[in-house]
Amino acid sequence: MKLDKSKKNCVFCKIISGEFPSTQIYQDESVIAFLDINPINPGHTLVVPREHSARLESLNPEIGGQMFKVGQQISLALLKSKISCEGINLHLSDGEVAGQEVGHTHLHIIPRFFQDGFGFKTRQGSVQASREELNKLADLIEANL
Ligand code: 5GP
Ligand code: ZN
């Protein structure tokens, strides 16, 4: 399904405005955090900038910094809590092809525990890249930094 980037139809903007319900655990002037309605594991949290930005390209970097800072804080709280959490995945999907479903940038905080059945799938048969290939790729990235 095509990613809807509009503010008008944005579920997270409606949660932020209070039009839609949510279970919030953190708020400040630039971000809020609430529990994911369809958690990968209990305690799965989303840290969401208050300002609508569909993708990373339009996210204010300072707000992105705050999003990560709050993500770190929540991760530490999860690790200290009684929720099953031995490790954490911080995850952000940018773009449909990366699995983004809600067109409002957000950071997932996913509690992990031994044999929880979740994991990133790696492609079979991936081989170690040569230094030459890595250097070529580094040039392509650096040219756009
Ligand atoms: P994405 O795939 O865009 O990175 O993740 C979107 C996340 O938002 C999903 O994990 C999904 O469960 C969650 N989500 C979608 N709609 C709602 C909602 O109305 N409330 C809450 N709390 N989470 C939602
Ligand atoms: Zn929005």
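Analyst: A search of the whole structure finds two salt bridges. This is a predicted model, in which local features need pLDDT of at least 70, side-chain atom pairs count only at pLDDT 80 or more, and totals for chains, interfaces and linings use all residues. Residues are numbered from 1 along each chain as its sequence is written, chains are lettered from A and ligands numbered from 1 in the order in which they are written, and side-chain values use heavy atoms, without hydrogens and water.

User: Why is the pair of R55 and D94 called a salt bridge?

Analyst: The term requires a side-chain nitrogen of Lys or Arg within 4 Å of a carboxyl oxygen of Asp or Glu. The closest N and O atoms of R55 and D94 are 3.0 Å apart, so the pair qualifies. R55 lies in the loop between β3 (45-49) and α2 (61-80), and D94 in the loop between β4 (87-91) and β5 (107-112), 39 residues apart.

User: What makes the approach of H106 to ligand 1 a polar contact?

Analyst: A polar contact with a ligand is a pair of N or O atoms within 3.5 Å. A polar side-chain atom of H106 lies 2.9 Å from an oxygen atom of ligand 1, and therefore the pair meets the definition. A polar backbone atom of V102 is also 2.9 Å from an oxygen atom of ligand 1.

User: How are the residues of the shell around ligand 1 divided?

Analyst: Eight are nonpolar (Ala, Val, Leu, Ile, Met, Phe, Trp, Tyr, Cys and Pro), two are charged (Asp, Glu, Lys and Arg), and six are polar (the others, Gly among them).

Key
A polar contact is a pair of N or O atoms within 3.5 Å; within protein, one must be able to donate a hydrogen and the other to accept it, and residues adjacent in sequence count only if both atoms are side-chain atoms. Helices (H or I, at least four residues) and strands (E, at least two) are DSSP runs, numbered from the N terminus.
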